[in-house]
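Me: Please take a close look at the aromatic rings in this model. I would like to know what sits over them, how they pair and where the paired residues lie.

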Amino acid sequence: MYARKIGKVERTPKKSTSPPSEELRIGVTFPRPDGGPGPTKFDAPLSTATVQRFIPDPLEMDKALYSLAKLGFKVTQRGRLTASIRGSRVLFEKVFGTKLSPIALDTSENYAFHSFYYPPQGAPWSPSPEVATLIDDAYIQWPHIYMRSAGARRHQASAPQPAPAVTVVPSGTPPTVNYFHLEMPHDVTDLLRASLVHQEGTTGRGVRVVMVDTGFAHRMHPFFGEHGFTSSVDLAPHATNDKSDPNGHGTGESTNIFAVAPGATFIGIKVENDDDPTQGASMLEGFQAALQHEPQVISISMGFDLRENSQQMSELPGSLAALEAEIQAAVASGIVVVFSAGNGHFSFPGMMPDVISAGGVFVNEHSEMLASNYASAFDSKIYSGRHVPDFCGLVGMLPHANYIMLPIPPGCQIDTEVSQPDDGTTGDGTQTNDGWGVFSGTSAAAPQLAGVCALLLEKNPGLKPSEIKAILRRTSRDVLEGSSNPASDDDGIAQQAGPGDDGATGAGFVDAFTAFQQA
């Protein structure tokens, strides 16, 4: 229990962070119906072939959650195999017989927040008997990373800030900048060859695509209305204001789905709390909330960097077992799940074998395809035989992947950061309050590929997730030049692109039209 931590922990933070919240976000797993070990105690990683055996008896699940509620915990969300609860630090320590300490995370990573309570190494763990017999385990959920920024390379604010007062109405037309970049929606759809699919009359119509992210302020920006893009937004537990997005990540990156699959039914799940980032939804809560909408495709540009002492982990931390179980159950039920491969991260869940792991290719002004040196590429030490990525969308290059001009809420965190980077480098050429930013990361690649999946599902609704992945693999375009982000290697050695499947780009750069022809 609690033997491993996720990502880089700072004993002495480089900059001040907000104090940890006294309210904890907790993932709960349950015993198997046959009495075997539950998800956190099962020795091997779960697979889509075995996950059904871990689905708990609903009556026993009800009984356990009722008992936890009587003790003072609040159930916030329920999945097929797991549940999310919240409770105070004092209550958690009492019920589970442990002692928590504050954890400060590396402030150079783009975590949702950077401090929280967690049992230190060697902490006692002695759950009360009434709880121990009813659940498999309970783990405090770590904050997730947004896969826009490169791992441990770009200095970030300690937490998303409350939305500023909007003093300008952004233009629906992007500003002019004096360097090569892509504009929405035409450049992205042309390079992915999705525009040819649109000419065939297929736009993803009727396919439910759910994206989990910071928020979706589509009504605040005229770009979306001018292009006829519509959406609905739901709040994950403890997220606030379904019309705002103080960070800007979800609003901007969701544009990739609208561009590729403009006819899809877009549902956004907001996880951020505008007033207190430490109170926002966990990634598990966000994924559980997404499942409530019966999605056909789920796109998530968030994750965790599974490294310890600068090396990739070889065992999945127990705190991620609940999320792993829910994702495997979703794929087994027929939902296509797309995750970012990471930006120099050893990204989980992007490394899970049955999800689509979206890597990066940079297409320059001469139409030459290069592996993005911003995007991760690695062999997972947790899932034997799993190479990341599967194939690629469009991603910029180091240092900041300034590549795609995207609409964002005026004055949001990203609007300021990309205009005036705090690392001494040149900004993206936009203004701090103009509602536009030039960025990408594998956060852009994941929704691009999710949009392609929607196109295939409109044509052939019976396609299974494994069939969609196979079609995209065999129709991807070969990328011969470039290399991956060296930060996604234990020795700092980048993987190279080359003929056939390669280390940097997997099967290559996705070709929506050729995939559509074979769907």
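Reply: Start with the charges: the charged end of Arg32 sits over the ring of Phe54, at 4.9 Å from its centre. Arg89 lies over the face of Tyr117, and here the distance to the ring centre is 4.6 Å. A charge counts as sitting over a ring if NZ of Lys or CZ of Arg is within 6 Å of the ring centre and within 35 degrees of the ring normal.

This is a predicted model, in which local features need pLDDT of at least 70 and side-chain atom pairs count only at pLDDT 80 or more, while totals for chains, interfaces and linings use all residues. Residues are numbered from 1 along each chain as its sequence is written, and side-chain values use heavy atoms, with hydrogens and water left out.

Next, the ring pairs. A pair of aromatic rings is described by the distance of the centres and the angle of the planes. Rings of Phe, Tyr and Trp (its six-membered ring) pair if their centres lie within 6.5 Å; planes under 30 degrees apart are stacked, over 60 edge-to-face, and the rest tilted. The structure holds 19 aromatic pairs. One of them, Phe92 with Phe96, is tilted, with 4.8 Å centre to centre and 40° between the planes. These two residues are 4 apart in helix α2 (residues 89–96), so about one helical turn separates Phe92 and Phe96. Helices (H or I, at least four residues) and strands (E, at least two) are DSSP runs, numbered from the N terminus. Phe92 is buried, at a relative accessible area of 0%, and Phe96 is buried too, at 1%. Buried means under 20% relative accessible area, exposed over 50%, and partly exposed in between (1.4 Å probe, protein chains only).

Phe180 and Phe362 form an edge-to-face pair, because their planes stand at 90° with the ring centres 6.4 Å apart. Phe180 lies in the loop between β7 (145–146) and β8 (182–183), and Phe362 in strand β18 (residues 356–363), so this pair ties together parts that are 182 residues apart in sequence. Phe180 is partly exposed, with a relative accessible area of 30%, whereas Phe362 counts as buried at 14% relative accessibility.

Rings also form a group elsewhere. Ring pairs link seven residues into a cluster: Phe216, Phe223, Phe224, Phe229, Phe258, Phe266 and Trp436.
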